[in-house]
Amino acid sequence: MSEPVRLQKFLAQCGIASRRKAEGLILSGRVSVNSKTETNLGVKIDPENDSIRFDGKIVKPEKDHIYVLLNKPTGYVTSLSDPQGRPIVTSLVKDIPERLFPVGRLDLDTEGALILTNDGDFAQKVQHPSHETNKTYEALVSGHPGKAKLNLLEQGILLEGQETAPASIKLLKRLRGQSLVQITIHEGRKRQVRKMFDFIGNPVIRLKRIAYGRLFLKNLPSGKYKLLNHKDLKKIFL
Ligand code: URA
């Protein structure tokens with residue numbers, strides 16, 4: 001008998017989702033162990049002898065891990081399916097046979113760098129707050145936020161009762177009635193960048209993620225992707 005592992009960890013090893021996302025899948029009744037739906041997060045399974053299914057399909061640990069950097073266009077959702085029938089990001093990496101899932105999310109109306117993988121542990125590491133993985137965005141915002149307002153965002157503001165962690169901000173360009181601002185944060189709260197600029201009264205008009213850590217999108221065209229190698233992956237955590 002092989003070492004028992006927690007069901008959510010096993011699902012992550014099988015490339016279904018990050019461990020945390022896998023917990024949600026278990027709770028929503030989409031996972032079965034030996035033909036019985038399992039909604040208990042504490043349960044451990046025997047990877048060799050138990051039969052684990054996700055949405056009715058047998059899952060197996062991934063042997064090869066794939067990492068892809070996609071330049072997500074606006075209008076695509078980062079979930080694996082969409083009840084409203086909107087296009088999903090994985091449809092842009094059709095020619096890779098492995099089942100990939102996005103690492104974290106980008107809003108429907110946000111474009112730019114999105115990593116997809118079948119490595120649940122890696123996804124967990126990128127997203128876990130303890131690793132403080134930097135994400136850099138270019139935000140086209142309305143108006144001309146002055147130094148004082150940008151300093152405020154850098155130091156941290158109270159968003160929904162919780163202080164934001166320090167950010168780093170650079171004013172890139174002043175345009176007519178708008179500004180282009182670069183902002184780096186390591187938190188990943190929902191619509192965080194948009195909410196931060198709303199807070200100072202300069203709402204976001206366009207938002208693009210340009211980097212995870214020091215891994216930049218550079219000139220990857222919108223809707224295109226490239227495979228990442230180990231050297232690329234190292235840059236994420238710098
Ligand atoms: N912050 C946002 O507001 N939206 C994103 O998609 C990512 C970060």
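**Salt bridges, strands and a buried lysine**

Colleague: In this predicted model, is D107 buried or exposed, and what is its relative accessible area?
Modeller: A residue counts as buried when its relative accessible area is under 20%. D107 is below that cut-off and is therefore buried, with a relative accessible area of 6%.

Colleague: Which residue is named as the partner of D107 in a salt bridge with closest N and O atoms 3.4 Å apart?
Modeller: Side chains of opposite charge can pair when their charged atoms come close. For D107, the closest N and O atoms of such a pair are 3.4 Å apart, and the partner is R191.

Colleague: How many residues apart in the chain are R191 and D107?
Modeller: R191 sits in the loop between β14 (178-185) and α5 (192-199), while D107 sits in the loop between β8 (101-102) and β9 (110-117). The pair therefore links distant parts of the chain, and the separation is 84 residues. As for accessibility, R191 is partly exposed at 36%, whereas D107 is buried at 6%. The separation asked for is 84 residues.

Colleague: Which residues are linked with D107 and R191 in a network of salt bridges?
Modeller: A search of the whole structure finds 11 salt bridges. In the network that holds D107 and R191, the other linked residues are R105, D109 and R194.

Colleague: How many residues apart in sequence are the parts that D55 and R30 tie together?
Modeller: The side chains of D55 and R30 meet in a salt bridge, at 2.7 Å from N to O. D55 lies in the loop between β5 (52-54) and β6 (57-58) and R30 in the loop between α2 (19-27) and β2 (31-33), so the parts tied together are 25 residues apart.

Colleague: Where does the salt-bridge pair of K195 and E160 lie, and how many residues apart in sequence are the parts it ties together?
Modeller: The side chains of K195 and E160 meet in a salt bridge with an N to O distance of 2.9 Å. K195 lies in helix α5 and E160 in the loop between β11 (158-159) and β12 (162-163), so the pair ties together parts whose separation in sequence is 35 residues.

Colleague: Which residue of β15 is the bridge partner of both T110 and A139?
Modeller: Strand β15 (residues 204-212) pairs with β9 in the parallel sense over 3 bridges, and 7 bridges join β15 to strand β10 (residues 135-142), which runs antiparallel to it. In β15, the bridge partner of T110 is L207, and the bridge partner of A139 is also L207.

Colleague: In the hairpin of β15 and β16, which residue takes a positive phi?
Modeller: 2 bridges join β15 to strand β16 (residues 215-216), and the two run antiparallel; across them, A211 stands opposite F216. The hairpin has 2 residues between the strands, and the residue with a positive phi, near 55°, is G213.

Colleague: K72 is buried yet has no salt bridge, so how far away is the nearest side chain of opposite charge?
Modeller: K72 belongs to strand β7 (residues 67-72), and a polar atom of its side chain lies 3.1 Å from the backbone oxygen of D107. A salt bridge needs a side-chain nitrogen of Lys or Arg within 4 Å of a carboxyl oxygen of Asp or Glu. For K72, the nearest side chain of opposite charge is that of D109, at a distance of 6.9 Å.

Methods:
Residues are numbered from 1 along each chain as its sequence is written. This is a predicted model: local features need pLDDT of at least 70, side-chain atom pairs count only at pLDDT 80 or more; totals for chains, interfaces and linings use all residues. Side-chain values use heavy atoms; hydrogens and water are left out. Helices (H or I, at least four residues) and strands (E, at least two) are DSSP runs, numbered from the N terminus. Buried means under 20% relative accessible area, exposed over 50%, partly exposed in between (1.4 Å probe, protein chains only). Two strands pair if DSSP finds at least two bridges between them. Lys and Arg count as positive and Asp and Glu as negative; His and the chain ends are not counted. A polar contact is a pair of N or O atoms within 3.5 Å; within protein, one must be able to donate a hydrogen and the other to accept it, and residues adjacent in sequence count only if both atoms are side-chain atoms.
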